[in-house]
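Here is a short report on one protein chain. Please keep the sequence and the model in view while reading.

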Amino acid sequence: MHRVILRNSSREALLLFRLLLFLAPSLVLSITVHSPAELHASAGDTVTLSCTFTSSSRPTSKMTVDWSYRPQTGGPPHTFFHFSSRAFPSLEGQFSGRVQWRGSPARGEASISLINSTLNDNGTYTCSVRNPPDVHGNPNSHTVLTVTPKAPSIRFSDVTFLLFFILIPSAIIALILIGQMLCPKRERSQSKGYRSAIEVTDGEEYDNNRVGGKETGIMCCDISMTDSESEYEYHNVKLNAPPTEGYAESQC
């Protein structure tokens, strides 16, 4: 009777031990890492590679974070960032001096920033988090980054330069030409209104006493303004001038 009881107890203990062995992995499958499947950026942008994790154990100094990169063209991945109590960015390679730690283990953050992204950064980024004793589960998460050329944009300084040094002068010149085309008669009338003695052509004698092609008589005021040297010439003009109707000699 005792032997039967002992055998049953040993069987129950064995089943319980096997059950514990079966359930033991599930008790530590509590760490999970999340990150966006895809990210898009323009060349020159600062890209935040987001990574969050959940763990049943409180993060300690033993927690580690690793970021690895696999080029879009293929090839094996290589680790370019490591965190263990403090950040250890890569000091050589294409990511040297371009990675900043943005994580906070107490809040489940393990993100980093990639400064001045380039087309060579296209590829797959993997975030791996370890937080003992949580050593099982889904500690890795992948993000595919696609960097495209930046679209050209017109700066305000370029617009200002075009406006003040090209468009405005061109508009002023166009208005001047249009004004000359619409008002040609006015310019001709102004040019024929008066000609100085310098503008008299060869063979044409300039005479201040001619108005509209007609010779006018010399008035007393003209005589008073002449000097003594021109009095003799004035009397000759008076004697040779033809008689004109309605002309009365001044008695000055």
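In which sense do β6 and strand β7 pair, and over how many bridges? β6 and β7 (residues 86-89) pair in the antiparallel sense, over 4 bridges.

## Basis

This is a predicted model, in which local features need pLDDT of at least 70, side-chain atom pairs count only at pLDDT 80 or more, and totals for chains, interfaces and linings use all residues. Residues are numbered from 1 along each chain as its sequence is written, and side-chain values use heavy atoms, with hydrogens and water left out.

## Overall make-up

The chain has 5 helices and 14 strands. These are DSSP runs, numbered from the N terminus: helices are H or I with at least four residues, strands E with at least two. Of the 252 residues, 20% count as buried. Buried means under 20% relative accessible area, exposed over 50%, and partly exposed in between (1.4 Å probe, protein chains only).

Contacts are heavy atoms within 4.5 Å. Among those between residues at least 6 apart in sequence, 55% join residues at least 24 apart.

## The β6-β7 hairpin

Two strands count as paired if DSSP finds at least two bridges between them. The hairpin has 1 residue between the strands, and Ser85 takes a positive phi near 70°.

## A mixed sheet

Another group of strands forms an open sheet of 3 strands, in the order β4-β1-β11, with mixed pairing. β4 (52-54) and β11 (137-138) are the edge strands, each pairing on one side only. β1 and β11 run parallel, joined by 2 bridges. Thr32 stands opposite Asn138 in β11.

## The largest nonpolar core

A nonpolar core is a set of buried Ala, Val, Leu, Ile, Met, Phe, Trp, Tyr and Cys residues joined through side-chain atoms within 4.5 Å. The largest one holds 25 residues; Val65, Trp67, Phe80, Tyr125, Cys127 and Val129 touch the most other members. Elements giving two or more residues to this core include β5 (64-71), β6 (78-84) and β10 (123-130).

Leaving aside residues up to four places away in sequence, Trp67 touches, among others, Leu49, Phe80, Ile112, Tyr125 and Cys127.

Is Ile166 buried, partly exposed or exposed? Ile166 counts as partly exposed because its relative accessibility is 39%. This residue lies in helix α2 (residues 156-182).
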